[in-house]
Amino acid sequence: MRVLVVEDDRDLREQLKTALGDAGYAVDTADNGEDGQFLGETEPYDLVILDLGLPKVDGMTILKGWRSQGRSMPVLILSARDRWSEKVEGLDLGANDYLTKPFHMGELLARVRANVRRTSDQVSAVLESGDLMLNTATGQVTVGGQPIKLTAYQFKVLDYLMHHRGRIVSRAELTEKIYAQDHERDSNTIEVFIGILRRKIGTDRIVTEKGLGYRLVDPAAANG
Ligand code: CA
């Protein structure tokens, strides 16, 4: 899952980047409205955290621009003031959620999870596919109740496939969703991650659709 943070306060931006990174998201940041707007127009984010008071272009204008272009990723607005009129304006412009500063990082992460989940029609923080479970809140993965140890990138790949289970996800899409913008990308490593994941969670859970990509399935359901 890939998240963009548009925030001009350096300390807060770094705190958000660290907390989201630790929670398994690939994070891009922008310290001004112009860069933030451009990234949101050109990169495929699963969620954007958008401050309202920004240098160059303000948050409301950015949001309005994205929505008028049909960019539909969830946007969580951060505001320094608890002004009800601003909340209404933001929500009417197409914001999905709203948080007033100062906030608790735990609450922000829960809201990020909830909004990401909603876009892929998941109702609970625990994603399930047969007896494979991934807890998006704790990062724990189990198969038949047994904990599975994954590295950060193996987790990112499985997390994305679990959020989109049943549908084909291309290697290019996975590559775009697990690496931040400044990270060197190599779609061949996706194949390596998939191979390791298959060994850890069971070979028949991730199906290769030739020339198209991968699909996470529940083998028990497919056979029955
Ligand atoms: Ca600001």
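## Phe193 and burial

Phe193 counts as buried because its relative accessibility is 14% (buried is under 20% relative accessible area, exposed over 50%, partly exposed in between, with a 1.4 Å probe and protein chains only). This is a predicted model, where local features need pLDDT of at least 70 and side-chain atom pairs count only at pLDDT 80 or more, while totals for chains, interfaces and linings use all residues. Residues are numbered from 1 along each chain as its sequence is written, and side-chain values use heavy atoms, with hydrogens and water left out.

## The ring pairs

Searching the whole structure turns up two aromatic pairs (ring centres of Phe, Tyr or Trp, the last by its six-membered ring, within 6.5 Å; planes under 30 degrees apart are stacked, over 60 edge-to-face, the rest tilted). Tyr153 and Tyr179 make a tilted one, at 5.2 Å centre to centre with 45° between the planes. That pair bridges distant parts of the chain, 26 residues apart: Tyr153 is in helix H6 (residues 152-163), and Tyr179 is in the loop between helix H7 (171-178) and helix H8 (188-201). Helices here are DSSP runs (H or I, at least four residues; strands are E, at least two), numbered from the N terminus.

Tyr179 is buried at 4% relative accessible area, whereas Tyr153 is partly exposed at 26%. Tyr153 also stacks with Phe193, at 6.0 Å centre to centre and 10° between the planes.

## The cluster and a lysine

Put together, ring pairs join Tyr153, Tyr179 and Phe193 into a cluster. Lys156 has its charged end over the Tyr153 ring, 5.3 Å from the centre (NZ of Lys or CZ of Arg within 6 Å of the ring centre and within 35 degrees of the ring normal).
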